Amino acid sequence: MTLIDPVGGFKGARFRRGHRIAQEDVPLLLRMGKSHIRFLMLDPEEVHEDEAALLLGRRVQGEGLELRGPEEGKCTLTATRPGLLHFRDEDVDFINQDPDWIFTTRANRTAVSLGTLTAAFRIGPLAVQREQVDRVLGVAPLSVLPWNPFPTALVTTGREIYEGLVQDAFLPKLQTKLVPYGAPLMGHTLCPDDASEIARAVAAWLDKGARIVLCTGGMSVDADDQTPRAIRSLCDRVVFRRVPLIPGANLMLAQKGEAFLVGVPASAVFAQRTSLDVLLDRLYAGTPPTGEEVRRWGRGGLCRSCDACSYPGCAFSARS
């Protein structure tokens with residue numbers, strides 16, 4: 001039986017199954033609005049809310065998640081490691097097609113920390129039919145994909161930086177961004193605006209074992225912008241060039257063997273969060289986006305540039 005105490009700030013189970021009601025419980029029950037005590041007798045084809053919630057919980061609990069509950073027909077999934085939350089959108093929709101089930105999650109393919117509440121679900125009535133339970137037990141589990149500490153290198157393009165006229169501002173930002181993934185920064189190369197020089201610098205890092213090489217500078221359409229050309233000359237395939245996200249539309253991703261080459265948009269140098277952050281989450285989780293997928297990123301892809309950034313707990317990070 002649920003107690004709601006607005007003054008004390010409590011909402012939860014006050015009396016649970018197995019509690020023997022005593023005379024001293026009556027005043028509290030009356031304050032809870034419980035003037036009648038109901039006896040629930042289940043027939044063979046009915047499943048109690050707690051049992052139904054637990055069956056679903058065990059089904060959707062994948063790697064990197066801890067199942068908590070049930071309580072009042074409710075279970076939760078909590079992250080046991082940092083990483084990228086991953087599930088099938090259609091499975092959540094399928095469960096919620098039955099109005100007796102309530103299943104809600106954090107946004108798919110977003111970063112979570114250790115201890116993050118990732119999903120919650122409950123059963124609406126006190127009991128459901130066993131066929132309702134059997135129906136949802138075919139869904140795939142949720143999981144938290146761990147971060148892979150891929151060796152990473154940085155190639156910075158721009159004659160003004162190469163000749164020392166301007167200091168590279170992206171290097172310290174990248175070092176900070178790599179910390180959550182545990183990825184080592186192998187090193188940093190400066191290049192002039194020359195496609196062959198850029199390609200040689202990237203190739204040198206690949207030969208040294210870099211799995212991700214980020215190229216900053218020269219990603220626009222000016223005559224001196226040679227980075228996309230250099231990446232194309234070196235890669236096996238271009239996954240995408242430009243994305244419907246702002247800031248960071250001039251993002252590029254290409255693949256060379258098992259390594260990824262990233263053309264970093266200029267906005268990543270000065271903006272706190274850009275399309276690069278979304279891509280890095282996916283790369284270090286080992287689930288790089290496809291070119292077809294990024295064409296759907298426009299919905300909610302306009303960053304609000306909040307005074308207090310809540311990334312990854314915002315619409316901008318939710319690119320599923």
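Which side chain makes a polar contact with the side chain of Asp91? The partner is the side chain of Arg88, at 2.8 Å; a polar contact is a pair of N or O atoms within 3.5 Å, where within protein one must be able to donate a hydrogen and the other to accept it, and residues adjacent in sequence count only if both atoms are side-chain atoms. The model is predicted: local features need pLDDT of at least 70, side-chain atom pairs count only at pLDDT 80 or more, and totals for chains, interfaces and linings use all residues. Residues are numbered from 1 along each chain as its sequence is written, and side-chain values use heavy atoms, with hydrogens and water left out.

**Overall form**

- The chain holds ten helices and 17 strands; helices (H or I, at least four residues) and strands (E, at least two) are DSSP runs, numbered from the N terminus.
- The radius of gyration of the chain is 26 Å, whereas a compact globule of 320 residues would have a value near 20 Å. The radius is taken over C-alpha atoms, and the globule rule is 2.2 Å times the number of residues to the power 0.38.
- The C-alpha trace spans about 85 × 40 × 30 Å along its principal axes.
- Contacts between residues at least 6 apart in sequence join residues at least 24 apart in 65% of cases; contact means heavy atoms within 4.5 Å.

**Surface and charge**

- Of the 320 residues, 45% count as buried. Buried means under 20% relative accessible area, exposed over 50%, and partly exposed in between (1.4 Å probe, protein chains only).
- The accessible surface of the chain is about 16,500 Å², and carbon and sulfur atoms account for 51% of that area. Areas come from the Shrake-Rupley method with a 1.4 Å probe; for residues, only the protein chains shown count as cover.
- The chain has 38 positive and 38 negative charges, and their mean positions are 1 Å apart. Lys and Arg count as positive and Asp and Glu as negative, while His and the chain ends are not counted. Each charge is placed at NZ of Lys, CZ of Arg, CG of Asp or CD of Glu.

**Asp91 in helix 3**

- Asp91 belongs to helix 3, which covers residues 89–96.
- Asp91 counts as buried because its relative accessibility is 9%.
- Besides the pairing with Arg88, the side chain of Asp91 reaches the backbone nitrogen of Ala140 at 3.0 Å.
- Leaving aside residues up to four places away in sequence, Asp91 touches Val139 and Ala140.

**Ala201 in helix 7**

- Ala201 sits in helix 7 (residues 195–207), and with a relative accessible area of 9% this alanine is buried.
- Ala201 touches Val155, Thr189 and Cys191, when residues up to four places away in sequence are not counted.
- The C-alpha atoms of Ala201 and Leu154 are 9.4 Å apart, and the two residues are separated by 47 residues along the chain.

**Helix 9**

- Helix 9 runs over residues 275–284 and is mostly covered, with ten of its ten residues buried.

**Leu117 in strand 9**

- Leu117 is part of strand 9, residues 117–123.
- Leu117 counts as partly exposed because its relative accessibility is 43%.
- Thr76, Leu77, Thr78 and Arg106 are touched by Leu117, not counting residues up to four places away in sequence.
- Leu117 and Arg106 are eleven residues apart along the chain, with 8.0 Å between their C-alpha atoms.

**Backbone geometry**

- The peptide bond from Gly69 to Pro70 is cis, with omega near 10 degrees; Pro70 lies in strand 4 (residues 65–71).
- A cis peptide bond also leads from Tyr311 to Pro312, with omega near 10 degrees, and Pro312 is in the segment after helix 10 (291–294).
- Glu72 is not a glycine, yet has a positive phi of about 55 degrees. Glu72 is in the loop between strand 4 and strand 5 (74–79).
- Arg242, a residue other than glycine, has a positive phi near 85 degrees. Arg242 is in the loop between strand 15 (237–241) and strand 16 (252–256), and is partly exposed, with a relative accessible area of 37%.
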